[in-house]
Amino acid sequence: MNQMALDKAAVLAEALPYIRQFSGKTVVIKYGGAAMAAADLKAAVMQDIALMKYVGMHPIVVHGGGPEVSGMAKQMGIEPRFVDGLRVTDAATMAIAQMVLVGKTNREIVTHLVEQGVKAVGLSGQDGGLIRAVRHLHRSRTGEMVDLGFVGDVAAVDTAVLETLTAAGYVPVIAPIGLGPGGQPYNINADTVAGAIAAALKAEKLVLLTDVEGVRADKDDPGSLLSRVTAQEVQGWIARGKLEGGMIPKLQCCITALEGGVNRVHIIDGRVPHSLLLEIFTDEGVGTMVIK
């Protein structure tokens, strides 16, 4: 017997208990970073999501697109600014974010999934009143209040449209734009949206695709990667200023999801092809699991 064929059979056998465990369960995937930019990684993620759907799981995709928004802003003469990993969003930047995230990035992801044979539907948080937003009041690490403009926090999630779509066999793909008072759109960090949606749906898993291997005990030491960490430890790190930049909203969204009833949260390296499948369907897994 061909050894390659035997190896493939072993992989499928290893996946079987996970397929049984997660069939019929909701998994929220935050899709962003290098996995959105590199063509080979993008194709691998789309295949992973399609496979999850075909084995009976209910994947829900929340996507970012920050680099594309920044690129478009620069083309239009606006220099992007960030505070603690959050984009400063004036009215012009808000219009660009909607144009790029809803009009371009969301469409592309839906198209790629449909090409994989998945019935995908694109949404923003405005559709069906999915995400109600309020203005984010940001306190910097020095303690001063910073006006970030039209940057939002999630005030409420109405899951009706997601439940309707998943029950009908569709994969929702969500752009992180929320609907504020008076119909004002708000730009919301995609990690924050993913955590809030996972909590509202009581999802089985929340998986964040990132551009790092996972969470490090020492952010400057690649050898300090943690395979699991508790929400309590994470809260302590944030309070002591051990974390910086984009990792702060990622870990805060993990805490939101766990407190909301999500069973497991995983931060995985989206630069590794098929990291989603490795995390969900193998004994080893990849990245860092955040637990209660």
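The model is a predicted one, where local features need pLDDT of at least 70, side-chain atom pairs count only at pLDDT 80 or more, and totals for chains, interfaces and linings use all residues. Residues are numbered from 1 along each chain as its sequence is written, and side-chain values use heavy atoms, with hydrogens and water left out.

As for overall shape, the C-alpha trace spans about 65 × 40 × 35 Å along its principal axes. Buried residues make up 49% of the 292 residues, buried meaning under 20% relative accessible area with a 1.4 Å probe, protein chains only. Of the contacts between residues at least 6 apart in sequence, 73% join residues at least 24 apart; a contact means heavy atoms within 4.5 Å.

Helix H3 (residues 39–54) packs with helix H5 (residues 91–115) at an angle of about 60°, the axes being 9 Å apart. The axes are lines fitted to C-alpha atoms over the stretch in contact, and angles run from 0 to 180 degrees between N-to-C directions. H3 and H5 are therefore oblique to each other, a label for angles that are not under 35 degrees (roughly parallel), over 145 (roughly antiparallel) or 65 to 115 (roughly perpendicular). On the H3 side, the contact is made by Lys-42, Met-46 and Ile-49, and on the H5 side by Ile-109, His-112 and Leu-113.

Technical notes
Helices (H or I, at least four residues) and strands (E, at least two) are DSSP runs, numbered from the N terminus. Buried means under 20% relative accessible area, exposed over 50%, partly exposed in between (1.4 Å probe, protein chains only).
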